[in-house]
Amino acid sequence: MKEGPHIARIAALIGDSARAEMLSALMGGQALTATELAAVAGITKQTASVHLAKLIEARLVALEVQGRHRYHRLADGDVAQLLESLMGVAFRAGAVRWHAGPREPALRAARVCYDHLAGDAGVALYDGLIERGLLQHDDETLLPTPAGERFFSGLGVDVSALGNSRRVMCRTCLDWSARRHHLAGALGAALLAALYARGGARRVKGSRAVEITPTGWAALRPVLPPLRAAA
């Protein structure tokens, strides 16, 4: 008798073209309705509802009900990490959905990966945090150093409060376009949220792309390579 996780079931759910499109849309971190997800996948709302029911049952998607409205989002960061990894494999294999255009450079430069910063900016930020001793690996754990806590505090991130969360403080996420790591976990999410709140970053409408503002580059300058910080 076979035992252990049934990965074929999850792979089959993600492998369906319409469901894959809807899951990719939810990587933007926003909660979307069945109607919005149907438009993304190019299917009817009724068909989308059937697909979403399967994704909810498998705990890949979570449902939020507000009055008469029903919103869908990725179940958690583990699902987002799985999808980001799959995107990396697809990108490496040449399975890319878009033709080169205005959005592609923007997505490569900076984008949201569920709830944290990805793309070249996210990778450069992670590298800088490591190189400057603001993050360190303790055995298999990635944690901010005392200097790192002071740096994050200066950006409006309360690291001590994050330590009380059930979510992993910080972990790496393999970036699908750069094929290197960026910062994820509670700290990565809090950092991007702080940038949004302070006008250091903003979402590009209708896209996962993120625009880092001059205010954001100035705030991150202490940890970014000189060329990037001057952008």
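Helices here are DSSP runs of H or I with at least four residues, numbered from the N terminus. You are looking at a predicted model, in which local features need pLDDT of at least 70, side-chain atom pairs count only at pLDDT 80 or more, and totals for chains, interfaces and linings use all residues. Residues are numbered from 1 along each chain as its sequence is written, and side-chain values use heavy atoms, leaving out hydrogens and water.

**Stop one: His51.** Select helix 4, residues 45-57, and pick out His51 within it. His51 counts as buried because its relative accessibility is 11%, where buried means under 20% relative accessible area with a 1.4 Å probe, protein chains only. Now show its neighbours: leaving aside residues up to four places away in sequence, His51 touches Asp16, Ala18, Arg19, Met22 and Ile43, a contact being heavy atoms within 4.5 Å. Draw a distance between the side chains of His51 and Arg19 to find a polar contact of 2.9 Å (a pair of N or O atoms within 3.5 Å, one able to donate a hydrogen and the other to accept it; residues adjacent in sequence count only if both atoms are side-chain atoms).

**Stop two: helix 2.** Next, select residues 17-26, where Ala18, Arg19, Met22, Leu23, Ser24 and Leu26 are the buried residues. At the N-terminal end, Asp16 is the cap, with a side-chain oxygen 3.1 Å from the backbone nitrogen of Ala18.

**Stop three: the rings.** Finish with Phe151 and Phe152, an edge-to-face pair at 5.5 Å centre to centre and 65° between the planes (centres within 6.5 Å make a pair, and planes over 60 degrees apart count as edge-to-face). Phe151 is buried at 14% relative accessibility, and Phe152 is buried at 0%.

Definitions and conventions:
Buried < 20%, exposed > 50% of the residue type's maximum accessible area, 1.4 Å probe, protein only. Helix = DSSP H or I, 4+ residues; strand = E, 2+ residues; numbered from the N terminus. Phe/Tyr/Trp six-rings, centres within 6.5 Å; stacked < 30°, edge-to-face > 60°.
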